[in-house]
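Open the structure in your viewer and keep the selection tool at hand. We will go from stop to stop, selecting a few residues each time.

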Amino acid sequence: MRPRDLGFALAGAVSLVLTAGTASTVSVPVESDLGLVAVLPYPYWAGLALLNITFVMALRGDARGPASRPVMLWLLAVLVVELFGTAAFVTDIPRGEVAFRHLGIADALSSTKVIDPDIDAYFNWPGFFALLATVIKATGLEPVSIALWAPVLDVGLWLAALGVLTRSLTADPRRLWLVLWLFCLGNWQDQDYLSPQAFAFFLYLVVIALLVGPLAAHPGTFRGFRPADLALWWRGRSPREHRPQHRVCAFVVALLLVTVICASHQLTPFMMLIAMTALSLSGRVWTTRLPLITAVVLALWLVYPASAYLIGHPPLEDAGFQGAIAANVVDRVTGTPGHSLVVKVRMILTVVLWALAAAGAVRDWRRKRLDIRVVLLALTPLLLFPMQSYGGEMLIRVSLFALPFIALQASSVLLPKDGAIRIPFLAVMGLIPAFLLLSVLIETSRFGNTKFDIFTDSETAAVAEVERLAPHGAAIISAAHPTPWRSDAYLEHRYRTMDELCRRDLSAATCGPIFYNYARHNPAGGFVLLMRSTEASLELQGQSTPGNYAELEDWLKAQDGVELVFTNTDARIYRLPTP
């Protein structure tokens, strides 16, 4: 290790102390519509700026290349902890409702040891949850701690797979580190929580790494689009990996990963099939039967294990550009001015990265070094957009699948050229402000919903109390979905939300009788859970106002037999009478 590298490593440690120390001073709940970005102390931003400046200087290095590998890995690890572990320093409660739900599914599988696909969609793709249940039981780790630090672990796994993938596409170490850094600064999608998506995305990157590595092919000479020329071009391919045993091993591993992905997540297998097909048609993959085998495995899984869900939910039920744009764009740019600004920042960050990638592609094309595989892998996720709205999250997933390759292509415009030549000082002066801007944008994008997706101890205590009070089969009704419930006793109660039962019309006159009668007609009775986070969610996204929420609660309290059985700073629990 060179002496200057020690300075880089020390600067990374100082940055980590600054960000972690100051983030831990933030109190919850966060009251700003902009989320954490509005309440993080100035030393946090100073630490993040120091880390970005240190990375650029380490990336510049000298004529021999960037700083040593341990130092670059250390700086990258610090960035991951700072960007994706910030919430874990603020609170010891996992962000978002979904992580709690996934823990509950794993607990249900561990308890019953039976997979019943008729329960809900998750039990039609149980692979990830079975693995999670096994890990929890085998290690004895606290489930909440696993969910709390899952973003850091998931992004670390993604970077490991992306690093292997990138090494197959470039020999320039500077470009490798730059791609990994850009991937982190562009990862606003917030899909790295404890989820099948995060797990499947990691396996997806591993499969792509196999396709561009040991399963890759040298293309034949392209002479034109005539059938004879195309046939000659196809037959002219040759494997890049000359050791047959390595190709066979990679093929077997790819098949195993395909099966696991098909058993773990609804969307990722389709993206994987599209990417495999595109790479195969480009003539850059030696094993061209893999897309066909993947299609067969996917079809068999949909026809048999997942048939219980697909009977009532056809895959292309809401396909079309108009519906996709309405669900993924129009419906999201609503709510309070602060929330709308956060959504627009996410769009700006995405546009900036795609613009850099486009400029990088043009630059590579002019230099005759454009890799068609990177372009295909960046663009093919767009084919998923019109197929299904995916609960208004399809555009988020599309940008996630494209991000690794957008970062790869964007790196072409941020580095002068491949090789060991030192980065010019002017280029360094351009990288620093660009990284600082991206850091602010991603923190705003990732943590813009912390007003309702970071919970307080009072809210988790209320959830534990209502699950204790509710008898088996009782209905537990929350106002909206950001509710930290179902982490255990997943199958014990009927969990519902007012915005679903009332189709988002939360006026007291309309919604009150709907959820009241729903609970009363439930043989085991019902409970209504009202929390600060659900109220903040409805207000922030423009589905309700403080007056409407208070009016709805007043209507509930005025009904015969309704009893307030629990209250604390952030939550109230009402028991509804049985018929």
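At what angle do the axes of helix α3 (residues 69-84) and helix α19 (residues 425-446) cross? Select both helices. Their axes cross at roughly 40° and come within 10 Å. Bear in mind that this is a predicted model.

**Stop 1: α3 and α19**

An angle between 35 and 65 degrees is neither roughly parallel nor roughly perpendicular, so α3 is oblique to α19. Now show side chains. On the α3 side, pick E82, L83 and F84. On the α19 side, pick I442, E443 and R446. These residues make the contact. Colour them by class: three are nonpolar, three are charged and no polar residue takes part.

**Stop 2: α9 and its two partners**

Two packed helices are described by the angle between their axes and the distance between the axes. Keep both values in mind here.

Select helix α9 (residues 196-212) and helix α12 (residues 268-281). The two axes come within 10 Å and cross at roughly 15°. Angles under 35 degrees count as roughly parallel, and α9 and α12 are therefore roughly parallel to each other. The crossing of α9 with α12 is right-handed.

Which residues meet at this contact? From α9, select Q197, A200, Y204, V207, I208 and L211. From α12, select T268, M271, M272, A275, M276 and L279. By class, ten of the contact residues are nonpolar and two are polar, with no charged ones.

α9 brings F199, A200, L203, Y204, V206, V207 and L210 to the contact. α11 brings A250, V253, A254, L257, V260 and I261. Here 13 residues are nonpolar, and there are no polar or charged ones. Look back at A200, Y204 and V207: these residues of α9 meet α12, and they also take part in the contact with α11.

**Stop 3: the sheet**

Switch to a cartoon view and find the open sheet of five strands. In what order do the strands lie? The order is β4-β3-β5-β7-β6, and the pairing is mixed. Select β4 (494-497) and β6 (563-567), which stand at the edges. Each has a single partner strand, so one side of each is left without a neighbour in the sheet. Neighbouring strands are turned by 25° against each other on average, direction ignored.

Next, select β3 (residues 475-478) beside β4. These two strands run parallel and are joined by four bridges. Click on I476, then find its bridge partner in β4, Y495.

Then go to β6 and β7. Do they pair in the parallel or the antiparallel sense? The pairing is antiparallel, over four bridges. L564 has Y574 in β7 as its bridge partner. The two strands form a hairpin, with three residues between them.

**Stop 4: a salt bridge**

Side chains of opposite charge can pair when their charged atoms come close. How many salt bridges does a search of the whole structure find? The search finds 16. Select D453 and R95 to see one, at 3.0 Å from N to O. D453 lies in helix α20 (residues 450-453), and R95 lies in the loop between α4 (86-90) and α5 (98-112), so the pair ties together parts that are 358 residues apart in sequence.

**Stop 5: two backbone details**

Most residues other than glycine have a negative phi, and most peptide bonds are trans. Two places here are worth a click.

Select V28 and P29. A cis peptide bond joins them, with omega about 5°. P29 sits in the loop between α1 (3-23) and α2 (42-60).

Finish at D190, in the loop between α8 (173-186) and α9. D190 is not a glycine, yet its phi is positive, about 60°.

Key: Residues are numbered from 1 along each chain as its sequence is written. This is a predicted model: local features need pLDDT of at least 70, side-chain atom pairs count only at pLDDT 80 or more; totals for chains, interfaces and linings use all residues. Side-chain values use heavy atoms; hydrogens and water are left out. Two strands pair if DSSP finds at least two bridges between them. Axes are lines fitted to C-alpha atoms, for helices over the stretch in contact, and angles run from 0 to 180 degrees between N-to-C directions. Angles under 35 degrees count as roughly parallel, over 145 as roughly antiparallel, 65 to 115 as roughly perpendicular and the rest as oblique. A crossing is left-handed if the near helix is turned anticlockwise from the far one by less than a right angle, and right-handed if clockwise. Contact means heavy atoms within 4.5 Å. Ala, Val, Leu, Ile, Met, Phe, Trp, Tyr, Cys and Pro count as nonpolar, Asp, Glu, Lys and Arg as charged, and the others, Gly among them, as polar. A salt bridge is a side-chain nitrogen of Lys or Arg within 4 Å of a carboxyl oxygen of Asp or Glu.
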